[in-house]
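Open the model in your viewer and follow the stops below. Each stop gives a selection and what is found there.

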Amino acid sequence: MEDEDMDQIIFVLNQLVLWVAAGAMMFGGVVPYIPQYRDIRRTQNAEGFSSYVCLVLLVANILRILFWFGRHFETALLWQSIIMIMTMLIMLRLCTDIRVANELNMKRRAFADFELKYFWLWSRFMDYLQCVLSFTALAAYITYLFLDSGIFVETLGFLAVFTEAMLGMPQLYRNYQNKSTEGMSIKMVCMWTSGDTFKTVYFVLNQAPVQFSICGLLQVFVDVAILFQVYYYSRYPQKPVSHTVHTTSAKAL
């Protein structure tokens with residue numbers, strides 16, 4: 001009887017851990033954007049956040065959702081993509097409204113103008129939304145045509161997670177070019193590393209598609225490389241520090 005009670009307790013605790021882990025996966029990725037959203041709204045200044053972060057994450061998560069139709073993976077990861085898309089659209093709307101309000105003399109640019117040099121530099125949130133919907137429709141149509149192709153589905157999944165995995169590379173390269181990580185917080189980089197490590201372990205333990213685990217490891221590698229840059233350039237400065245630089249992080253945490 002006692003053994004049955006203990007087994008029941010272990011089962012309940014195991015389920016609780018799984019629910020907490022799934023919740024962390026679904027909402028953990030958007031948590032860092034909450035204080036950033038509040039800070040941008042309070043200061044009415046969006047210069048510290050790159051709208052291209054929204055572009056990368058929107059593309060990555062749209063492709064991941066389409067990948068799900070070809071190869072079902074855990075529901076928590078599907079909801080993670082849906083929540084991230086909603087978060088990026090909210091961030092994009094705020095940043096666009098503030099940028100337009102601060103640049104009254106800026107010439108209005110629209111998605112329908114189809115000017116490549118002004119891509120993702122439009123004046124209204126609706127233009128960004130039109131672009132996202134157009135991309136989604138096109139990608140969904142192509143996915144529908146090739147859904148029976150295993151090679152296409154696996155490639156789609158790889159592109160989805162690889163795009164997100166590369167999010168830290170611009171920051172890594174910028175640090176290398178500047179020979180400095182001035183303006184970066186070591187706590188922020190540790191948050192990246194711990195979050196991506198948790199995510200990768202979650203992928204492995206829950207037997208997510210192999211693309212998720214490989215690209216998760218790549219993200220951790222990039223995070224560790226940036227962490228090393230923060231340590232190295234702070235301990236061995238390559239050039240004199242002249243003023244505080246507000247680094248726009250590729251991850252925008």
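Start with helix α6: Val153, Leu156, Gly157, Ala160, Val161, Glu164 and Ala165 are buried there (under 20% relative accessible area with a 1.4 Å probe, protein chains only). Helices here are DSSP runs of H or I with at least four residues, numbered from the N terminus. This is a predicted model, in which local features need pLDDT of at least 70, side-chain atom pairs count only at pLDDT 80 or more, and totals for chains, interfaces and linings use all residues. Residues are numbered from 1 along each chain as its sequence is written, and side-chain values use heavy atoms, without hydrogens and water.

Keep α6 (residues 150-165) selected. Its end C-alpha atoms lie 22 Å apart, which agrees with the 22 Å that 16 residues should span at 1.5 Å a residue (1.5 Å times one less than the number of residues).

Next, select α3 (residues 51-70) and α4 (residues 75-102). Their axes are 9 Å apart, at an angle of about 150° (axes are lines fitted to C-alpha atoms, for helices over the stretch in contact; angles run from 0 to 180 degrees between N-to-C directions). The pair is therefore roughly antiparallel (over 145 degrees).

To see the contact (heavy atoms within 4.5 Å), show Leu89, Leu92, Arg93, Thr96 and Arg99 of α4 with Phe125, Tyr128 and Leu129 of α5.

Conventions:
Helix = DSSP H or I, 4+ residues; strand = E, 2+ residues; numbered from the N terminus. Parallel < 35°, antiparallel > 145°, perpendicular 65-115°, else oblique. Buried < 20%, exposed > 50% of the residue type's maximum accessible area, 1.4 Å probe, protein only.
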